[in-house]
Amino acid sequence: MENESLLIEKAALGDEESFSILINNYKNYVFAIILNFIKNYDEAENVAQDVFFQIFVSLPKYDQNNFKAWLGRITTNKSIDCLRKKKAKFNEEALGEDNNSVDAAANPEIILLEKYNREKLKKALDGIPDIYRVTLEKFYFREKSYEAIAEEEDVTIKTVASRLYRAKILLREKWRCEDESL
């Protein structure tokens with residue numbers, strides 16, 4: 001096996017084989033980082049592709065100083081970006097936001113549906129235990145990080161992640177129950 005700095009040098013110059021060797025050497029490391037943020041394997045694969053593409057694009061600018069740390073930073077940033085996008089999408093869906101607000105303002109049916117969805121969300125949120133509801137509200141509506149929530153509630157970050165996961169399951173169940181009762 002070739003020296004890592006030589007592989008990096010060759011890959012930075014566009015040598016696909018060297019780049020492939022680097023990726024194979026670090027793919028488990030990249031996946032381990034991503035899966036700490038994103039628990040869904042399919043989504044983790046998508047983020048990994050983004051990471052590897054970013055590495056390919058950025059490699060010519062790499063300064064040959066601790067490749068593993070540099071790779072880890074890119075992976076972490078891409079994982080956080082993915083979570084932010086998911087959170088933004090959840091907020092839009094949960095609040096019934098419509099990207100085309102002109103149409104929504106002109107259409108009373110859309111306004112009524114949005115109001116109904118907000119009320120349904122509030123009712124579903126009120127129906128889950130406080131310990132989960134509060135964590136979910138802090139993360140999605142107040143946009144607090146896992147770390148900030150853990151510090152506020154004097155629990156571990158893993159506990160926050162667990163509560164958030166459970167809150168989403170409970171909220172989904174309550175939401176479905178509301179639909180079935182109509």
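**Close-up views of a predicted helical protein**

**View 1. Lys138, a buried lysine.** Lys138 counts as buried because its relative accessibility is 10%, where buried means under 20% relative accessible area, exposed over 50% and partly exposed in between (1.4 Å probe, protein chains only). This residue lies in helix H7; helices are DSSP runs of H or I with at least four residues, strands are runs of E with at least two, and both are numbered from the N terminus. The model is predicted, with local features requiring pLDDT of at least 70 and side-chain atom pairs counting only at pLDDT 80 or more, whereas totals for chains, interfaces and linings use all residues. Residues are numbered from 1 along each chain as its sequence is written, and side-chain values use heavy atoms, with hydrogens and water left out.

**View 2. Contacts of Lys138.** Leaving aside residues up to four places away in sequence, Lys138 touches Glu143, Lys144, Ile149, Glu152 and Glu153 (contact: heavy atoms within 4.5 Å).

**View 3. Buried residues of helix H7.** Helix H7 spans residues 130-141. Its buried residues are Arg133, Thr135, Leu136, Glu137, Lys138, Phe139 and Tyr140.

View 4. The protein has nine helices and zero strands, in the sequence pattern α-α-α-α-α-α-α-α-α. Of its 182 residues, 32% count as buried. Among contacts with a separation of 6 or more, 55% join residues 24 or more positions apart. The accessible surface comes to about 11,900 Å², with 51% belonging to carbon and sulfur atoms (Shrake-Rupley method, 1.4 Å probe; for residues, only the protein chains shown count as cover).
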